[in-house]
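Here is a short report on one protein chain. Look over the structure first, then read on.

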Amino acid sequence: MTTALEIKNLHVNIADQPILKGIDLLVKQGEIHAIMGPNGSGKSTLAYTLAGHPAYEPTAGQVIFDGDDLLELDADERSRAGLFLAFQYPVAVPGITVAKFLRQALNARSEDGISIPAFRRLLKEKMDMLGMDHKFAGRYLNDGFSGGEKKRAEILQMAALEPKFAIMDETDSGLDIDALRVVSEGANTLREELNMGVVVITHYQRILEYIKPDYVHVLLDGRIVESGGPELALKLEESGYDWVREKHTTAAQ
Ligand code: ADP
Ligand code: MG
């Protein structure tokens, strides 16, 4: 069965300030959607709201995920239901290896946990799927990791959890080419292997040269003001966001 993430008229406040002002978006499993927009338009707010961050207060609208009202679920339940949020700034975890971190993440998801042999098999399978060196699992998480290695850990976590949907908030200004490749190849592989739906949030078009979106949406002042195919991202790359502002600012006030 395919599932969908359906956002209907979503309004979100931060500290009583309206930030998202009526978002509508339908993402089906297996589709890649890119959400682009200038700084401050509300991209991260959308990601954190979907993840269930307590500072982001939905004031109207709905998010239907797999038939459930996502906004009624706490953050852990969202993860168990099959939603994955790739965090913008992964923290360093001294003394915990990538493998141990992943095993903890999997154990948190089920009552019985996962046995060590089953975990080893899963880890090997996913690392092979992503073309990763098995030695990587023995490294200490984020301890001296390059940008690319941080992303490798994140993608491996995603692969192990087998989500139905991933929301990836990428400020790709900070990503080097190696990191961009890891994220993009990982997302593309998981879309194919798991029929995962992907929402990739980005300011720049560059990452979309590697992750090919089926749909591109432009967020401006808390609303999606343009939707189209990959050509929309190319137009933004060439012309920036000024034409979007000019076209929509009057309507948005
Ligand atoms: P983007 O990711 O598109 O750059 P954000 O979602 O981070 O945009 O921010 C959208 C708006 O919300 C901005 O005007 C920002 O100043 C405001 N905002 C974000 N986080 C907070 C916060 N913790 N408290 C108050 N305002 C915030
Ligand atoms: Mg942001």
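## Overall size

With 253 residues, a compact globule would have a radius of gyration near 18 Å, and the chain agrees because its own value is 18 Å. This radius is taken over C-alpha atoms, and the globule rule is 2.2 Å times the number of residues to the power 0.38. The C-alpha trace spans about 60 × 40 × 35 Å along its principal axes.

This is a predicted model: local features need pLDDT of at least 70, side-chain atom pairs count only at pLDDT 80 or more, and totals for chains, interfaces and linings use all residues. Residues are numbered from 1 along each chain as its sequence is written, chains are lettered from A and ligands numbered from 1 in the order in which they are written, and side-chain values use heavy atoms, leaving out hydrogens and water.

## Helices and strands

The chain has eight helices and 10 strands. These are DSSP runs, numbered from the N terminus: helices are H or I with at least four residues, strands are E with at least two.

## The cores

A nonpolar core is a set of buried Ala, Val, Leu, Ile, Met, Phe, Trp, Tyr and Cys residues joined through side-chain atoms within 4.5 Å. Buried means under 20% relative accessible area (1.4 Å probe, protein chains only). Of the chain's 253 residues, 48% are buried.

The largest core holds 54 residues; Leu123, Phe136, Leu156, Met158, Met168, Val200 and Val244 touch the most other members. Helix 5 (residues 147-161) gives the most to this core, with seven residues. A second, separate core has 26 residues, including Ala47 and Leu219.

Technical notes:
Buried means under 20% relative accessible area, exposed over 50%, partly exposed in between (1.4 Å probe, protein chains only).
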